[in-house]
Amino acid sequence: MTGPSKRGDFLRRGRRDRLLRELEHDPYKSKQKLAEPTACPECGALFHKGRWQWGTAPEDAHQQLCPACQRAHDHVPAGLLTLSGGYFQEHRDEIMQLAHNVEEKEKAEHPLDRIMEIAERDDGVAMAFTDAHLARGVAEAVRHAHQGELELQYGEEDALLRASWHR
């Protein structure tokens with residue numbers, strides 16, 4: 001039998017490079033293992049069994065801001081979504097309720113997925129999120145329910161998703 005093909009080497013090398021980029025993706029992800037249990041003094045999320053979750057913290061729990069509260073404190077979103085257009089203005093309440101419903105569903109299972117801020121703009125609304133996946137999920141839910149044009153741009157340097165929906 002001969003050794004692995006050059007194509008196989010290329011695929012493995014490509015995968016290894018991609019995994020390295022994924023490890024560096026979120027600067028707010030903890031670099032070290034947190035002491036368990038650790039509670040976020042701001043939102044009450046609990047780091048237990050290796051992940052952040054909702055629960056009741058014991059009195060002796062360590063205290064540390066969770067990554068979502070730290071992002072909000074630093075004003076550094078992981079995702080931005082702008083909603084604009086005449087259709088948006090006419091259906092504003094319905095679309096914003098949809099965005100909050102998606103957030104509530106995700107946040108119930110993943111405490112770090114939140115809307116950080118909603119800012120009014122002349123042509124619509126700008127929303128900042130603690131998680132890029134949530135920003136994309138809200139954007140795609142709006143597009144699915146209301147059609148329109150959705151544009152997604154992922155930044156390589158700042159690990160930020162910029163999404164724009166217009167109708």
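This is a predicted model: local features need pLDDT of at least 70, side-chain atom pairs count only at pLDDT 80 or more; totals for chains, interfaces and linings use all residues.
Colleague: Which strands stand at the edges of the open sheet of four strands, each with a single partner strand?
Modeller: The strands of this open sheet, whose pairing is mixed, follow the order β3-β2-β1-β4. A strand at the edge has a single partner, so one side of it is left without a neighbour in the sheet. The strands in that position are β3 (51-53) and β4 (62-63).

Colleague: Which residue in β3 is the bridge partner of phenylalanine 47, and how are the two rings arranged?
Modeller: Strand β2 (residues 46-48) pairs with β3 in the antiparallel sense over three bridges, and the bridge partner of phenylalanine 47 in β3 is tryptophan 52. Phenylalanine 47 is buried at 9% relative accessibility, and tryptophan 52 is buried at 10%. Their ring centres lie 5.6 Å apart with 65° between the planes, and the aromatic pair formed by phenylalanine 47 and tryptophan 52 is edge-to-face.

Colleague: Against which strands do the buried residues of helix α2 pack?
Modeller: In α2 (residues 67-74), the residues Pro67, Ala68, Cys69 and Arg71 are buried, while the helix is followed by histidine 75, whose phi is positive, near 60°. The buried residues of α2 pack against β3 and β6 (115-121).

Colleague: With which strands does β5 pair, and in which sense, parallel or antiparallel?
Modeller: Strand β5 (residues 79-84) is mostly covered, with five of its six residues buried. Threonine 82 has alanine 126 in β7 as its bridge partner, whereas leucine 83 stands opposite tryptophan 165 in β9. Six bridges join β5 to β7 (residues 124-129) in the antiparallel sense, and six bridges join β5 in the parallel sense to β9 (residues 161-166).

Colleague: How many aromatic pairs does a search of the whole structure find?
Modeller: One of them is the edge-to-face pair of phenylalanine 47 and tryptophan 52. In the pair of tyrosine 87 and tryptophan 165, the ring centres are 6.4 Å apart and the planes are at 65°, so this pair is edge-to-face as well. The latter pair links distant parts of the chain, with tyrosine 87 in helix α3 (residues 86-90) and tryptophan 165 in strand β9, 78 residues apart. The search of the whole structure finds two aromatic pairs.

Colleague: Which residue has its charged end over the ring of tyrosine 87?
Modeller: Tyrosine 87 is buried, as is tryptophan 165. Over the ring of tyrosine 87, 3.8 Å from its centre, sits the charged end of arginine 167.

How values were computed. Residues are numbered from 1 along each chain as its sequence is written. Side-chain values use heavy atoms; hydrogens and water are left out. Two strands pair if DSSP finds at least two bridges between them. Helices (H or I, at least four residues) and strands (E, at least two) are DSSP runs, numbered from the N terminus. Buried means under 20% relative accessible area, exposed over 50%, partly exposed in between (1.4 Å probe, protein chains only). Contact means heavy atoms within 4.5 Å. Rings of Phe, Tyr and Trp (its six-membered ring) pair if their centres lie within 6.5 Å; planes under 30 degrees apart count as stacked, over 60 as edge-to-face and the rest as tilted. A charge sits over a ring if NZ of Lys or CZ of Arg is within 6 Å of the ring centre and within 35 degrees of the ring normal.
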